[in-house]
Every structure is written in C-alpha cells, then in structure tokens.
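Student: I would like to go through the labels used for this model and see what each one rests on.
Tutor: Then look at the model, and ask about one label at a time.

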Amino acid sequence: MMAAVHPDRIRRLNQAVQGAGPVVYWMSRDQRVDDNWALIHAADMARQARVPLHILFCLTGSFGEACIRQYDFMMQGLVETWARARERGLCLRIRPGHPPDVVRSFARACNAGLVVTDFDPLRIKQEWKRELLQHLDIPVHEVDAHNIVPVWRVSDKQEYAARTIRPRIQRLLAEFLEPFPVWEALPEQDIPCVEPDGEDLMAGLEVDRTVLPVAGITPGYTGGMDRMHAFMAHGLDRYDRASRDPNANGLSRLSPWLHFGQIAAQRVVLEAVASPRTQGQQAFLEQIIIRRELADNYCLHNPHYDSLEGIPAWGRATLDKHRHDVREYVYSTDALEKAATHDSLWNAAQQEMRRTGIMHGYMRMYWAKKILEWSKTPEDALATAIRLNDRYGLDGRDPNGYVGVLWSMGGLHDRPWKERPVFGTVRFMSADGCKRKFDVHEYIGNNSP
Ligand SMILES: Cc1cc2nc3c(=O)[nH]c(=O)nc-3n(C[C@H](O)[C@H](O)[C@H](O)COP(=O)(O)OP(=O)(O)OC[C@H]3O[C@@H](n4cnc5c(N)ncnc54)[C@H](O)[C@@H]3O)c2cc1C
C-alpha cells in the first residue's frame, strides 16, 4: 500500500510528462530522511513507476552570509542523513556546484523520469528552480515539507499579521497535522553509494572561516530529536514564562535543526500536542506553528523580505519622517559585530549569538531595535542586523530571521505605537523595560566574553 501524501502538499512546477527512468529527490531545505513529505512523495512515485529513487543534495560554494559555522552544522547533519538513508536502502549523494546545473546533469546522467524537491520561499531557491525548469523536459514536483499546512493552502496572498493567518491555519490543522506514515521499504536498489567525506567536501568551499563552529551542540537528526525530547520533558510547560526571561533557559533552542530541516516542525508539534495542555504548551504552539508559518507566507509573497520596501507603508513613512533625528550613539557594523557598545545588555546579547550561534528570542527583539537606534539610517541598520544575524546565527538566512528583523525595525506584522525619536511609531524597547522583566545582570554575567 502506498503512503499517499496529501495532494495539496504537492505543486507541479511544469507540465512535462513523466519519463520511464528513476525518480530524483533534490533535497535542499529539508535535509532529513525521517518525517519528510518530499521524500515520502518521491518514494511513492518511485514505487508506482517501479523505478529506483536517488537523493541528491547540491553543495554551493557560498550562500548569503553563511560561514564555516553554518556549513559545518549542515554537513554533519547531511552525513547522518546519508547513514539514515542507507538504513532504508537509499542513497544520498552530495555534489558540489551550482544547484540547477548539478540537478540537470545528474538527472540527465541517470535518465531520470521525475524530479521531486522541497519548498523554500527564499529568492535564491526560487531562482534555482526557475533556472532548472528552463532546461529540464521532465516533471518537477515541489513538496512543502517544512510547513504543517502547505503555504499555498493557507493563503494566496501576503497575510497582514498573526491575527489574520491564525484562523486560516487553525481551520486547516485537523486536515494537515497528521501522523507521518511508517516508512515502507522500496525494492532493493543496487546502487553504489559512497559515504560522503564531509571534511573533504568542505575543504573545497570558499567560505569565511573566521566564524567558527559552535561547541557543545550536536548537529543532525539525532541531536535535534534529543534536544526536542529534553525540551518536551523539562521546558514545554514553563515555556510561556521562559519566553520572557532569557535567564530561565526554557526555550526549545531547536531553531538550528529546524532551519536546516534536520528535524520536522510537524514532528515537534505532534509531540507538543500530545503533552498535557498548559499555558506553556499553548504559547509554544503559537510560535512554532503560527509565527513560523507566517514568516514563510511573508517571504513567499513579498520579494522585498530583506529590504525596507517590504515593510508596511506606515512603517516606511514613519522611519522616513525620523530619518534625520539626532542619534545619541552611532556605531559601525564592526563595533556592533565586536559587541563594543556602551550598553552591556546589548553586548551580552551579541556575545550570546557569537558564542552559541543562537540568541534568546526576547533579546533578539531588543538587539535589532537597538541597531536601528544606533545606525545612521534605517537602511544601514537593516543591512547590519541581517548581516550579523546570518553570519553568527546557526539558524540565520531563514524566513523567520528576515521577518524578525523587519518586525523589530519596520513594524511588519505589528501596529503603530507611541511616536518617538528615530523609531517614529515603530514599537520601542528599552533596557529599563528589560530590567522590569528579568535579571539583566544575570544575563550579562552569563554572556560576558
Ligand atoms: C531580530 C530577530 C531575528 C531573528 N532571527 C531568526 C533566525 O535567524 N532564525 C530563526 O529561526 N528565527 C529567528 N527569529 C525568530 C525567533 O526569535 C527564533 O525563532 C527563536 O529565538 C529561536 O529560538 P528557539 O528555537 O529556542 O525558539 P522557541 O521560542 O523555542 O520556538 C520554537 C520555534 O518556533 C519558531 N519561532 C519562535 N519564535 C518565532 C518568531 N518570532 N517568528 C517565527 N518563528 C518563530 C522557531 O522555528 C523556533 O525554533 C528572529 C527574531 C528576531 C526578533
């Protein structure tokens, strides 16, 4: 029996007719074999056509601000994915090069009949797919394996805010928050499959090697699932309090694994909904479902997701009106990168990200808002925040990141607040406000260089 994937998770990107050859799953955003709707669909198609299934990952030499820190996390995860694929009799191949070229030549070489890939709203991934489609005469299926409710089922336009997308997602959850099917083995494939040498593959990359991998974090599916189980047991029920207190150590810290698709958000949500109903559980589900899927909705429908053109008109107008306001402090990107400001709370947040590759969600808002306050222009502020977030964050270069920065600096998905210098009516945050919420000295002490 086939494990049919909900048809609305799948988009057919062209009208070509499937050939007789193997199915190729071009794995990109969802770098796992477990709980992966794109792989499940590719396997279904291979079973149906009685053809082999190949998994291909294309390793690009550069990706935005990604440094060796992120590449190392990704590569270790891919090596585990290779091993888990072998256990299912599948082979993951990692090939360096420009993805559309690599997929095209791989598909030609194996005489593929169909390409299946996963969904990603970011510009570069969409461009790769467009480029691939120009030169491929076999069908390409795109599967949303990242969101619980496929982004194109939720809405066909940019949603205004969490309150407009929430009811849409909630209506569809019963349909899409389904358990993952048990993996059904494919007929034995006699494919030579060489274990990837991560070190060797990374040696050929021309990436910045100054931002080092993070110590004490285990990349890959097993590391992510271990973290998830620990959070379910010790963090979930107090998540609502911990989300406002960076010292409480009660967030999931799952974003690096979720970003690289090493674990599925849907698996995390299934675990969370099976836990007792608490305020913590409800608050967590709001973030991992509504806020996360809102970010994908935004990046899919707004090509300006990393520029001020992407913020609402009121946000642009108010930042413009206050463009020439006197700034008490102005810092260069370099000073900010080195956490060398007058504000020890801000410096601690930047140090947290430098050291651990992730920053507490509450501090991320403060961090970005202060960059706006201390930059010459809103444009400079945005560029700096995105650069630092993407360079140091293990979870950077993600729709959540672009949306988080635009929310903080431009009022995206927010509303106007009381008018003040530099920010205009964009919501303001202050160190005093933080002091009222949590012990800032403890946080600073925990995040000193
Ligand atoms: C300025 C700024 C920059 C950010 N940059 C990133 C980034 O680069 N990558 C990233 O994944 N998130 C980013 N976020 C969103 C959020 O802060 C992080 O997802 C969260 O801090 C990750 O830690 P966690 O896994 O412990 O989250 P938890 O609080 O445990 O939440 C669980 C998951 O829910 C999702 N989530 C939580 N909060 C949000 C949110 N506000 N928006 C969208 N999804 C959310 C994430 O997938 C997260 O891993 C940013 C937010 C801001 C304000």
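Student: How many disulfides does the rule give here?
Tutor: This is a predicted model, and the count by the rule is 1 disulfide.

Student: What makes C91 and C193 a disulfide?
Tutor: The S to S distance between C91 and C193 is 2.0 Å. A disulfide requires cysteine sulfur atoms within 2.5 Å, so the pair C91 and C193 qualifies. The link of C91 and C193 is right-handed, with 85 degrees about the S-S bond.

Student: Which parts of the chain does the pair tie together?
Tutor: C91 is in the loop between helix 2 (68–87) and strand 4 (92–96), and C193 is in the loop between helix 6 (162–176) and helix 7 (198–203). The pair therefore ties together parts that are 102 residues apart in sequence.

Student: Why is C193 called buried?
Tutor: The relative accessibility of C193 is 17%. Buried means under 20%, so C193 counts as buried.

Student: What about C67 and C434, buried or exposed?
Tutor: C67 has 0% relative accessibility and counts as buried. C434, with a relative accessible area of 0%, is buried too.

Student: Where is E195, and why is E195 called partly exposed?
Tutor: E195 sits in the loop between helix 6 and helix 7. Its relative accessibility is 48%. Partly exposed covers the range between the buried limit of 20% and the exposed limit of 50%, so E195 belongs there.

Student: Which residues form the negative surface patch?
Tutor: The negative patch consists of E195, D197, E199 and D200.

Student: Which residues gather in the patch of positive charge?
Tutor: That surface patch holds R241, R244, R436 and K437. Among them, R244 lies in the loop between helix 9 (239–242) and helix 10 (255–259).

Student: How do you know that R244 is partly exposed?
Tutor: R244 has 41% relative accessibility. The class runs between 20% and 50%, and R244 therefore counts as partly exposed.

Student: What makes P303 exposed?
Tutor: P303 has a relative accessible area of 52%. Exposed means over 50%, so P303 is exposed. P303 is found in the loop between helix 12 (279–301) and helix 13 (313–321).

Student: What separates the C-alpha atoms of P303 and L122?
Tutor: The C-alpha atoms of P303 and L122 are 8.5 Å apart, while along the chain P303 and L122 are 181 residues apart.

How values were computed
Residues are numbered from 1 along each chain as its sequence is written. This is a predicted model: local features need pLDDT of at least 70, side-chain atom pairs count only at pLDDT 80 or more; totals for chains, interfaces and linings use all residues. Side-chain values use heavy atoms; hydrogens and water are left out. Helices (H or I, at least four residues) and strands (E, at least two) are DSSP runs, numbered from the N terminus. Buried means under 20% relative accessible area, exposed over 50%, partly exposed in between (1.4 Å probe, protein chains only). Patches are made of residues with over 30% relative accessible area and no salt bridge: like charges are joined within 9 Å, nonpolar side chains (Val, Leu, Ile, Met, Phe, Trp, Tyr) within 5 Å. Accessible areas come from the Shrake-Rupley method with a 1.4 Å probe; for residues, only the protein chains shown count as cover. A salt bridge is a side-chain nitrogen of Lys or Arg within 4 Å of a carboxyl oxygen of Asp or Glu. Lys and Arg count as positive and Asp and Glu as negative; His and the chain ends are not counted. The place of a charge is taken as NZ of Lys, CZ of Arg, CG of Asp or CD of Glu.
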